[in-house]
Amino acid sequence: MSVHSAFAPAGAQAARIYEHWLLYWYVALAVYVIVGGAFLYLLIRSWRSRPESIAEPTQPVQHRMAKYVGASSVATALILILLLVSAAITGHDLASYGQKPNLQINVIGHQWWWEVQYQNDDPSMTLMTANEIHIPTGQKVLLNLTSSDVIHSFWVPSLNGKRDLIPSHQNTLTIEADRPGVYRGQCAEFCGLQHAHMILYVIAEPPSKFSAWMRHQLQPAPEPVDAKLRHGRDVFLNEPCVTCHTVRGTTALGTVGPDLTHIADRQTIGAGTLPNTPGHLSGWVTDPQRAKPGILMPTIPIAPNDVQPLLVYLESLR
Amino acid sequence: MTEAQPQPESVAHLFEEERSALQKVWRNPRGLLGWFSVTTHQEIGRRYIFTAFLFLLAGGVEAMLMRLQLARPDNHFLSNDFYDQLFTMHGTTMMFLFAVPVLEGFAIYLVPLMVGTRNVAFPRLNAFGYWMYVFGGIFLYIGFLCNTGADAGWFAYTPLSGPQYSPGKRVDFWAQMITFTEVSALSVAVEIMTTVLRLRAPGMSLNRIPIFVWSVFVQALMILFAMPAIMLSSGMLLCDRTIGTHYFNPSEGGDPLLWQHLFWFFGHPEVYIIFIPGTGFVSTLITAATRRPLFGYTAVVLSLIATGFMGFGLWVHHMFATGLPQLGASFFSAATLVIAIPTGVQFFCWIATIWSAGKLTMNTATHFMFGFFFIFLAGGLTGVMLGSVPLDLQVHDTYFVVAHFHYVLIGGMVFPLMGAFYHWIPKMTGRLLNETAGKVNFWLLFVGFNLTFFPMHLLGFYGMPRRVYTYQADTGWGGLSELASIGAALIALGGLVFIGNYLWSMRHGIPAGNDPWGSDTLEWSTTSPPPNYNYVHLPTVSGRYALWSRLPDDPVVTGLHTDRREVLVTGILDGQPDHRYILPGSSIWPLLTAIAVAIGFIASVFVFHDLTYGIILTALTLLGWFWPRRDPRHGVKDQS
């Protein structure tokens, strides 16, 4: 079960925003109780007493009211200044969290999936994956955000606020997870037909586990070990799959769709549309338009004898 | 202007004579052609209000369909393609075809009555504006019914709304509808401003203008500055889509963020364009309900103006997530919080008014007024939360924002509007609406509204983004969404009670008489419904609460010609009589001009240079509009 709530912070930034929210919430609640209470009191007091005559309130009443309106207005201004200062300090704190990141990841928005590139000075250590971002706990991760088509927005509420992915613009966002867990996120800027199914997961693991994951991911796809797998790989390489998808270690080098080198390791398919189980994968491969109507992946007719080997091959990509 | 002091019988005789002369001059033409030629403000105002309520019904049905779809996770009731069209049409309809036009309708109907004149300053422009609005709305809905409903959201962010990602004509229809409705809004703005500034009753100095008139005056000023921004940007979008310009195309050096700046430079003031007349309604209703002068008239007027002015300084708070420099974001954050102060001042003045009165007439209008207080207060407070950049980054583009702006717009505008409806319909139709049904109507809307929109605050914090056509069961959003859908059903029921009450009361309602509420503004001194000329003798005003300070022998304006549509122009500051002014009569030309402009606008969506035909046709119809003609009875008319 993944965590997906601004009320359940799992990182320093989200926790800071949550504290800030509590201040706003209590102030708002107090103001609502006082002002709403005044209206309620007036409502009860004036209930069923029809005014008959028209009269100007007396001078002393007017003065009292003027004082009261003035004092309330000043109080409003003071409260707003308090809130504003708190917002500015929180904003400053959030910005300074991102000063020295331990890890940099490029996240590129696509209709309707997330491309994830782990940066490294050593090119052999850069890694491409999709829709799931593994991060080490307790480390600052800087996300470089941009988009290849329309505007998307990166938002994992348990870790930090959101930031837009805008074509031709570069944005950054720092996230950090205190403890291991799976944190769900979803595109927050309307981006077309499948905006509802543009989901991502941030998987926070202890640094050692993360390094192991990284090492494994850097390896190319495993070679097929039997005839059925070889058959499956040939189907994959001979069908149009290769024009869009990459499987490292093969001749499939397409970059339009998500990298599938280790697809079987991922928890979901179709950017969170379906759980990654053999049954769902089979439905997905034969007709992606059914589960995610409008998706840019076309329905490709695959010969009945080829479907099973292809699925077995995809499930072997661990 | 003279004191009317001659002998009683001759006064009565003169009065009758003038009345029948005015009736003849101001009579609306008969027949179908006549129906299309009407330029009296009562009829145009009624048409605006009626048409806007039809669009409210359409927008409401769209909302209900969306709530049905979202009531359950992974629902297949609607396709994603249709859902995207629905939420775009819902937002577009409510903002462009309901909220602004219905307020304009009330302004057109009430302002000439409230300031004590016979019509708006430019009656033909008024008719033209109405036809532009109707054509824009019909155009958008014809598209929707032909599966060409806009589907990029009412904000139509580029590049999603650009030619590459929204092929077809859907977004073009949307963008051109904007042009129609904004031409209409600008026409209304110009005539309302001129009417308020120059056609007030003698003695109605600036500090005696009724608050509602102030509010629509500020609204008109805001329209004048905000609407050109959206017309410009929708025009640029159309050019990108039809003739291959690259204003918003990042791959050719355009910038998608430019659209957001231009859109929100209109879009945020738009919220206040809708909200400010809502507060004008409330200030009027509160005066009628307490039968006391509004406490702090000057403070309230200054608050309206300050809100209108500051409303232009906060558009960037819609864009915090686009990655602004911190200093820039802080400026707009501060501006967003500061605008709460003038609204706060208005709230305190309302409290002071009720407090010092101690008594209230608890009719349906008062119910809706209190509904406004309790709902809008919550919406204002969540608005302050959204003003904080860190908080905004969490809840921006989530259901929290959906909850916030429905609290602000339904609370701040629809509830006052409903109150205004119960308050002024007797004036417009001569019959009171049924009070029992009115209260049922109120409670259904109030409970239904809170049930629908309060849970959405929580959904936002729980991570539910806006504009999703479905959600998965394991998100846990199902329960609150279902609650919201149940609330929506109550709102729909409230709407049905409202329609039923209106239809019933128009046949069986109690006759209203001139002034059922003992209210203070001038319109309550004439008959219900008012004659086309509003007043036989234009009134004079000797106090801020015109009818409350009126004495039996107060002077009236006499000596205006009754054989032509003549009104008195007064000074801007003090409302001192200045000169006579002849208003144009009925004319078919506004309709013909609107048709010509519509041909150009619509044709340009398909073949851009066909705009030329529209321009030529418009030039021809304008020739007809402005053609000077000698009327045997009325002399040469001033054409405007």
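Predicted model: local features only at pLDDT ≥ 70, side-chain atom pairs only at ≥ 80, totals over all residues.
**Overall shape**

The table sets the two chains side by side.

| Property | Chain A | Chain B |
|---|---|---|
| Length and radius of gyration | 318 residues, 27 Å | 640 residues, 25 Å |
| Span of C-alpha trace along principal axes | about 100 × 45 × 35 Å | about 85 × 60 × 50 Å |
| Secondary structure | eight helices and 12 strands | 18 helices and six strands |
| Buried residues | 40% of the 318 residues | 59% of the 640 residues |

Chain B has 18 helices and six strands. The globule rule gives 26 Å for its 640 residues, and chain B has a radius of gyration of 25 Å, so chain B is as compact as a globular protein of that length. A compact globule of 318 residues would have a radius of gyration near 20 Å, but chain A has 27 Å.

**The five-stranded sheet of chain A**

What is the strand order of the open sheet with five strands in chain A? The order is 3-2-1-5-8, and the pairing is mixed. Strand 3 (127-130) and strand 8 (171-175) of chain A are the edge strands, each pairing on one side only. From one strand to the next, the twist averages 25°.

Strand 1 (residues 103-110) and strand 2 (residues 113-118) of chain A run antiparallel and are joined by six bridges. The link between strand 1 and strand 2 of chain A is a hairpin through two residues. Ile105(A) stands opposite Tyr118(A) of strand 2 of chain A. Gly109(A) has Trp114(A), in strand 2 of chain A, as its bridge partner.

On its other pairing, strand 2 of chain A runs antiparallel to strand 3 of chain A, with four bridges between them. Here Val116(A) has Thr129(A), in strand 3 of chain A, as its bridge partner. Is strand 2 of chain A mostly covered or mostly uncovered? Strand 2 of chain A is mostly covered, with five of its six residues buried.

**The three-stranded sheet of chain A**

Another open sheet in chain A has three strands in the order 4-10-9, again with mixed pairing. Its edge strands are strand 4 (132-136) and strand 9 (181-186) of chain A, and each pairs on one side only. Neighbouring strands of this sheet are turned by 20° against each other on average, direction ignored.

Strand 9 of chain A and strand 10 (residues 199-205) of chain A run antiparallel, joined by six bridges. Within this pair, Tyr183(A) stands opposite Val202(A) of strand 10 of chain A. A helix also packs on the sheet: helix 3 (residues 207-218) of chain A touches strand 4 and strand 10 of chain A. The direction of helix 3 of chain A makes about 135° with that of strand 4 of chain A.

**A helix pair in chain B**

Helix 4 (80-115) of chain B packs against helix 14 (residues 399-429) of chain B. The angle is about 35°, and the axes are 12 Å apart. The crossing of helix 4 past helix 14 of chain B is left-handed.

Which residues make this contact? Helix 4 of chain B supplies Ala99(B), Val102(B), Phe106(B), Tyr109(B) and Leu110(B). Helix 14 of chain B supplies Leu409(B), Met413(B), Leu417(B), Ala420(B), Trp424(B) and Met428(B). By class, the residues of this contact are 11 nonpolar, no polar and no charged.

**Where the chains meet**

The contact between the chains takes 71 residues from chain A and 73 residues from chain B. Six helices of chain B each give two or more residues to the side that touches chain A: helix 4 (80-115), helix 8 (256-290), helix 10 (326-338), helix 11 (340-357), helix 12 (364-387) and helix 13 (389-395). Which of them gives the most? Helix 11 of chain B does, with 13 residues. The side of chain B that touches chain A has 45 nonpolar, 21 polar and seven charged residues.

Key: Residues numbered from 1 in each chain as written. Chains lettered and ligands numbered in written order. Contact = placed C-beta atoms within 7 Å. Nonpolar A, V, L, I, M, F, W, Y, C, P; charged D, E, K, R; others polar. Axes fitted to C-alpha atoms, helices over the stretch in contact; angles between N-to-C directions. Left-handed = near helix turned anticlockwise from the far one by under 90°. Rg over C-alpha atoms; globule rule 2.2 N^0.38 Å. Buried ≥ 20, exposed ≤ 12 C-beta atoms within 10 Å, placed from the backbone. Pairing = 2+ DSSP bridges.
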